[in-house]
Amino acid sequence: MKRRKVKVNFGNLLLVIFVSGLFAYGGFYVYKNFLSDDSSNSNSSIKDNNNVSKVNKKLKDLGYSNDDIKKIENNLSSDVIESLDVKYDDLADLSSVKFFHIENLDRYQNLCDNSSFSPEEVVMRVNTNIDREFYTDVKIVDDPDDPFVLVNKFYEVPQDYEPSDLVSVGNGQKMRSEAAEYVNKLLKDINADGLYLQAQSGFRSIDLQTRLYNNYVARDGVEEADTYSARPGSSEHHTGLAIDLSHDGSLEESFENTKQFEWLQKNAHRYGLILRYPKDKVYMTGYMYEPWHYRYVGIEVATLIKNEGITFEEYCVKYKGLF
């Protein structure tokens, strides 16, 4: 029987060997990376576990219960926890509040110790500064032209501030242009509904507010005057975004019994205006109830504030990060 000669195609053979080599190398490379990643992940996991153990031990050493430790670890970063050097009895609950800020922790705990407020109320009161006496640690606002600037008994405008876009509104008062546009529209629309309303007081300069406040102090004393009049620099009227509205030229609490006030309660937010000093939030604003005083904040924010039943201070805490 004759043997058949087998012809070998060395070109194809080399190609097969080359391709096989590539597959083998690729498999080895993937396997090597898998081991490397697994090792890296393992090291990272060990490191994280060490951090968790360290933080857990820190909280235990400070005297926190297991339940509190779980809350605190969930709410605060390991760096923040590591910075703690004493136990704060209410930290677990306080840190669960959405607008909690570690910078205010001592004040939060102090208010907890001396009140029966809920953690949410404690954080809100501290962030709005009303755990302190009004007109203490007063700050100058960074940007008085900001349409959402907060001006109150803790935040004031620079002494030389005057908005650059003041225009007439109503019967010769002035407001910033956008606010004036909406207030003029409101006055026109309420008149169309058969009700008369006038702009009583808009923008006020520092000089005018100084004269007004000094007269009130001379008449009623500082303590009483502070309940209804702002000290120079702290009046919302300086912003050009506030307006006092009246049906008869007076500014009295009895305004709340008028049809005009009823109309404003239903419609002011549609023009970007909020009732700035509500009856049930005197403790928050520091001013007596003023059913005539409105602040322009834009339709979206005004609607939110109305729907939630909050003050502008509370809005700034919840949505602008005030603390």
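Some ground rules. The model is predicted: local features need pLDDT of at least 70, side-chain atom pairs count only at pLDDT 80 or more, and totals for chains, interfaces and linings use all residues. Residues are numbered from 1 along each chain as its sequence is written, and side-chain values use heavy atoms, with hydrogens and water left out.

Overall picture. The chain has 13 helices and 8 strands. These are DSSP runs, numbered from the N terminus: helices are H or I with at least four residues, strands are E with at least two. Of the 323 residues, 40% are buried. Buried means under 20% relative accessible area, exposed over 50%, partly exposed in between, with a 1.4 Å probe and protein chains only. Now contacts, meaning heavy atoms within 4.5 Å. Take those between residues at least 6 apart in sequence: 57% join residues at least 24 apart.

On to the core. A nonpolar core is a set of buried Ala, Val, Leu, Ile, Met, Phe, Trp, Tyr and Cys residues joined through side-chain atoms within 4.5 Å. The largest one holds 71 residues, and Leu 91 and Leu 264 have the most contacts inside it. Helix α7, residues 177–192, gives the most to this core, with 6 residues. Leu 91 touches residues including Tyr 64, Ile 72, Phe 100 and Leu 105.

Next, helix α6, residues 119–127. Its buried residues are Val 122, Val 123, Met 124, Arg 125, Val 126 and Asn 127. Their cover includes α4, α5, α11 and α13. Just after α6, Asn 129 takes a positive phi of about 75°.

Last topic, salt bridges. The definition is a side-chain nitrogen of Lys or Arg within 4 Å of a carboxyl oxygen of Asp or Glu. The whole structure has 19.

Arg 204 and Asp 244 pair at 3.5 Å, N to O. Arg 204 sits in the loop between β5 and α8, Asp 244 in strand β6, 40 residues apart. Arg 204 is buried at 15% relative accessible area. Asp 244 is buried too, at 2%.

Arg 295 meets Glu 236 at 2.9 Å, N to O. Arg 295 lies in strand β8 and Glu 236 in the loop between α9 and β6, so the pair ties together parts 59 residues apart in sequence. Both are buried.

Glu 308 bridges to Lys 318, with the closest N and O atoms 2.9 Å apart. Glu 308 is in helix α12 and Lys 318 in helix α13. Glu 308 is partly exposed at 33%, and Lys 318 is partly exposed at 34%.

Finally, a network: salt bridges that share partners join Glu 236, Arg 276, Arg 295 and Glu 313.

How values were computed:
Lists of a residue's contacts leave out its neighbours within four places in sequence.
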